[in-house]
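User: Hi! I'm new to protein structures and would like to go through one step by step. Could you help me read it?

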Amino acid sequence: MKKLLALAMFAICLTTGFLVPATPVAAKTVKVGVQPWLGYGPWWIADQKGFFAKHGLDAEIVNFTWDADMSAAVASGRVQVIAAATNTLITVRNQGIDLQAFLILDSAYEADAILAPKSVQTIADLKGKKVAYEAGATSDLLINYALKENGMTIRDIEPVNMAAADAGLALIAGRVDIAVTYEPYISAALRQGDDYKVLYTGAEKPGLISDVAISDATFIKDNPETIQALIKAWDEAVRFLNENPEEGGKIIADAVKSPMDEYKLAMEGVHVYDLKGNQEILAGEFQKTMVDINTIMKETTPDVIKTVADPADALGIDVIKNMAK
């Protein structure tokens, strides 16, 4: 299996240009892969407000649409860090790729949701319907959890693999029956279709939908100053957002192409963690949350998730444990 994965990753590198660097990336140079998700907002703030440079980093934000492309980029060395869902980390580690999370970015509640026509009353009504969601992303985890909690499995629906950016609009256009996506795409879809509603959200299982900063385990070990500088830049950006919600919010809203009023509403369902918050939960509560997510994934997708990860291996806890709050 690992041999086949290695060959597949090599093929991806050849076709996309994501070649592994011949020499290690300079310690202070880093590319951060992101998607247009509100919880990643402090990265854009850090970039625009000069916090990366302040902490000695030559950093570049690289935008992606698909989780799979972003995972391939960090595995191959095209980017050194990605902002991705906890379930993405679990998935790639099950594929034999030695990535670690070193920072909790956010947790989402109402900001990840299943959208449906108003005529659909319950999750049970999804049986036999075309459901659009991005395989391997948070939407995948949410739909599997919702089905499991209602005595169903993914075999009870007709999955349609689609980027989160497209799923909501595909629902409004009538190409699918149900869509699973996240903000700002939830608001964008509902703005265009009065006959649709939010059927189910991540609030049904607090902690289920969360995001972390991920890097190759060797990069983390070999470049501790770079990783700590990233954490400091993120922490300063979170504090800036808390102290300057209008200016910070405008930076994020512009980055994800969301109207400011929709951003404010959507952000109410998202919590971003500063350094202090990380130090309070990364060494304890979050480890249990990650095991819970991993267990749900193993139960719902046993053909993909074979094992439950050891948090001691999957989380770079020591990176921030002794950093000053």
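Predicted model: local features only at pLDDT ≥ 70, side-chain atom pairs only at ≥ 80, totals over all residues.

User: How many helices and strands does the protein have, and what is its radius of gyration?

Analyst: Helices (H or I, at least four residues) and strands (E, at least two) are DSSP runs, numbered from the N terminus; the protein has 16 helices and eleven strands. The globule rule (2.2 Å times the number of residues to the power 0.38) is compared with a radius taken over C-alpha atoms. For 325 residues the rule gives 20 Å, so the protein is as compact as a globular protein of that length, with a radius of gyration of 19 Å.

User: What percentage of the residues is buried?

Analyst: Buried means under 20% relative accessible area, exposed over 50%, and partly exposed in between (1.4 Å probe, protein chains only). Of the 325 residues in the protein, the buried ones make up 55%.

User: Which residues of helix H12 are buried, and why are they on the same side?

Analyst: H12 covers residues 260-267, and its buried residues are Glu262, Tyr263, Ala266 and Met267. They share a side because they cover an arc of only 125° around the axis, where the arc is that of the directions from the helix axis to the C-beta atoms. On the other side of H12, the exposed residues are Asp261 and Leu265.

User: What do the buried residues of H12 pack against?

Analyst: Contact here means heavy atoms within 4.5 Å. The partners of these buried residues are helix H8 (185-192), helix H10 (224-243), helix H11 (245-255) and strand E11 (270-272).

User: Where is lysine 257, and what is its phi?

Analyst: Lysine 257 is found in the loop between H11 and H12, and is exposed, with a relative accessible area of 74%. Most residues other than glycine have a negative phi. Lysine 257 is not a glycine, yet has a positive phi of about 60°.

User: Is the peptide bond from glutamate 183 to proline 184 cis or trans?

Analyst: Proline 184 has its place in the loop between strand E8 (178-182) and H8. Most peptide bonds are trans. The bond from glutamate 183 to proline 184 has omega near 10° and is cis.

Conventions:
Residues numbered from 1 in each chain as written. Heavy atoms only, no water.
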